[in-house]
Amino acid sequence: MVFIFLLKCCHCPSIRAFTQLSRTSSGSARGQHGVGCVTTQYQPCYYIQPCLTPSLTPCVTSYFCNVTRNRGGVSGETPTYWRSGSQDSLEELALDDYWKEMEVIQYSVDPEPQEEVQLRVAEEGEQEEAWLTEAGLATLFDESASDGEDGMALLSTLTRTQAAAVQRRVDTLSQTLRKRSKPYSVPNVRDIFRPVPAHDTKVSGARPEVRRSNVSEGQGVSSEGGAETETDINLEVSFSEQALSYREDSKVTLPVSEADDKLPDFKLLRDKTGMTKLGDLSPSDMKKVHRLVLIEMSALFDTAGIELKTHKPLKIKVKETGLFGVPLSTLLEQDQKRFPGTRVPLILQRLISHIEKEGLDTEGLLRVPGVSTRVKVRVRVRVRAVCHDLETKFYEGFFPWETLKQHDAASLVKLLIRELPHPLLTVEYFSAFTSVLKFPTKKQQLQALNLLVLLLPEPSRDTLKALLEFLQRVIDHKEQNRMTLNNIAVVMAPNIFMFKGFRRKISEQQEFAMATGTANIVRLLIRYQNLLWTIPKFVINQVRKQNMEDQRKMNRERAMKKLLKKMAHDRVKNDTQDRSPEVDNGIIRVQAPQFSKVSMALQLTEDLQASDVLSRFLSQDSSVSVKKEDLCLYEIGGNIKERCLDGETYMKALLELNPTAEWVIKSVQR
C-alpha cells in the first residue's frame, strides 16, 4: 500500500517535491529515498525532490501535521488528514494540474498594472447593520427606515432558526450601539416576533415538524410517497431546521470519501405543486426570495456553528470598455446595446461556441494551456496579442476565428473569468463559498451552495450557469478527452477562486489549504448544478405568506377596499358568462391573450398537469407556431405575483394552495 503526499515548494508555483511512504510485507513503514532529505520529528523522515530552479536550497513546508503515525510504523486507520472535509474525494486527485495552472496564471499576468480589488473587513456592528438592511429589517435599528410593515410581514413568516439568526444579529448590533452610546434603543426581537396562527401553516411553512418528511397538510408529498433517504433533498422544510434536527439527533461523523467522480446521486423530493426555478417568479417576489434566502443562509451557518464573515470591496478604478479585465456589468451593458436581453457576456458565449465547434473530444481540453505552453518569454506577448485582437475586432465582426486554436480559446475562457475585477462568486459571498466544506454532510454542503447561488447577483449567476453547463458538456466526453469531473475541477478552481490580486494577499499555507478545498467546491457546483438553481418550496411558502399579509393590509385601507370592490364588480360583469359556475364544478379557465384562442376551459382531475394544459392548448389552436418548450403556464395572483409552472405541476393540488389564482399561457424567453 502506497501513500503519496504532494508538497509545494516555497520557491516555485509548481510541485517539485514529494514524499512516499510504503508499507512493507511485514507491516512496518519505510521511506522511499529520493533526492534530498529533510529530517523531521516524524519517523520515517520525508525525502524531498528539490526544485529545478538553480541556486535554490531544497525546502518544503509540511501541511499535513495531523497525519497520525506510530513510531514504528503507520497505524492501520486512514489518516485523519485524508478523511477531512477539505480532502474528501480528492485522495486520488493529482493536484499537480492545480499548481501547473497556477504557474500558467503567473506567466499570463497583464503587464499593465491595474488597481486590484481591496477586501475590507466590516467594522464592529457594521456587518450586522448591513445584513439587517439587506434582509429588509432596517427598522429594527433605524426607526426612520421605510420597510416597517414589509419587515413585520417578513418576521411573521420566519422559522425558529431563522428568527434566532435575526435575534443574534440584532443583539450584536444592540451591544455595539450601546458601546457607541447611541440614543436609539434597538428593540428586542422577542417583542417583534408573533406566533404564526395555526390556520396559516398551510402555506407558510413557518414552523414545520422537522422530523417528518412530509410537512403540514396541503404542502404536498414526494412523488415516491416513501420515507426520505440520505440522498433525498427535502425542499419543504427549512434547511437550517433540518440541520438543527441533525445536530440534535445524530452524532457528527466525517463524510465518507468517494473515489474519483463517484458522488451520491442526490435528488430533489418532488412536490405536487411543482418545482420553482430561478427566473420563474416576478421581480417583486424575487426581492422577497432574496431576503428570505439571506436569512436562511445565515441561519444554516449559525446552526452548524460556522462563522460567516462577509467582506465589502473598496471602490476601485476599473476599465470601462473592452472584454478582459472589465466588470461583468460593463460587459453586459456593452452587449445589450447591440443585442437587448443578453444575460451572458457575448465573448464568453462565442469562445464556448468556438471550442464546441472544434469538438469536445480533444484530449486535455481546458488542461493543456494552449499558447501558455510555448516558450515562456513569448507567452505573455502572445496571449495579450490575441486578447488585443479580440478587444479591437470582436464587436466589429472582423476577428479571424479560423486562426484561433481550440486550446487557445479554452485558455481565453479561463483568462476572462479570472481577470474579472471582482470575483465571479462576488466579494460579499466569497468567504461563504470557501466555508461550505465545513458542513458535516454532503447534503448540507449542497443546501448551503443552493442558497449561495440564489444570493448571487443576476450577472454572476447567469454567467456561472453558462460556465458550469459548458464544463459539464466537456465532462460528457471524458472517454475521449480524458477530462473527468476531478480533472476539470482542479483546472478551473484557481481560475474561479484565485481572482485577480487575491493570491498575493494569502500565505503559502493558505494557498495550499485552498487547493483541494476549492477544487472540491467546483466539483459540487458542476456535479449538482441542476439542483442548485431551484428555489426551495419552504421559501416559496414564506413568500406566499407575505403576499397574503400584504393583501390583508390592502383590505384594511378603505380607499383600496372601494377600488377592489369596483374591480371585482367589473370583472364579474364582464366574465359572468364564462366564470361563474366553473370553479365550483372543478373547471378552470386558462387565458391565452397573446394567441388567437384567448381562453380555454379545462376539467380538473387528480392527474392533470401543467404540461397537459399546454398540450391541449396547442392541439386546439393550430395557428400557434410557438414550440411547446417556449410556452409556459403561469400562476398569477392570489398569494403569488406571478410564477411560471413546472410541467409536472398538478393543477388540482396547486388550486387548493392558491384558490384565487388565474391561469395564463404566455411565451417565455429561456
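Leaving aside its neighbours within four places in sequence, which residues is Gln 336 in contact with? They are Gly 341 and Thr 342, where contact means heavy atoms within 4.5 Å. This is a predicted model: local features need pLDDT of at least 70, side-chain atom pairs count only at pLDDT 80 or more, and totals for chains, interfaces and linings use all residues. Residues are numbered from 1 along each chain as its sequence is written, and side-chain values use heavy atoms, with hydrogens and water left out.

Start with helix H9. It spans residues 328–338 and holds Gln 336. Helices (H or I, at least four residues) and strands (E, at least two) are DSSP runs, numbered from the N terminus. The side chain of Gln 336 reaches the backbone oxygen of Thr 342 at 2.8 Å. Gln 336 counts as partly exposed because its relative accessibility is 35%. On this scale, buried means under 20% relative accessible area, exposed over 50%, and partly exposed in between (1.4 Å probe, protein chains only). Leu 346 lies 10 residues from Gln 336 in sequence, and the C-alpha to C-alpha separation is 9.4 Å.

Now turn to strand E14, residues 631–637. Five of its seven residues are buried, so the strand is largely enclosed by the rest of the structure. Two strands pair if DSSP finds at least two bridges between them. E14 pairs with strand E16 (residues 662–667) in the antiparallel sense, over six bridges. There, Tyr 634 stands opposite Val 664.

E14 also pairs antiparallel with strand E15 (residues 640–644), over four bridges. Glu 635 has Arg 643 of E15 as its bridge partner. E14 and E15 form a hairpin with two residues between them. In the turn, Gly 638 has a positive phi of about 75°.

Terms used:
Polar contact = N/O pair within 3.5 Å; in protein donor to acceptor, adjacent residues only side chain to side chain.
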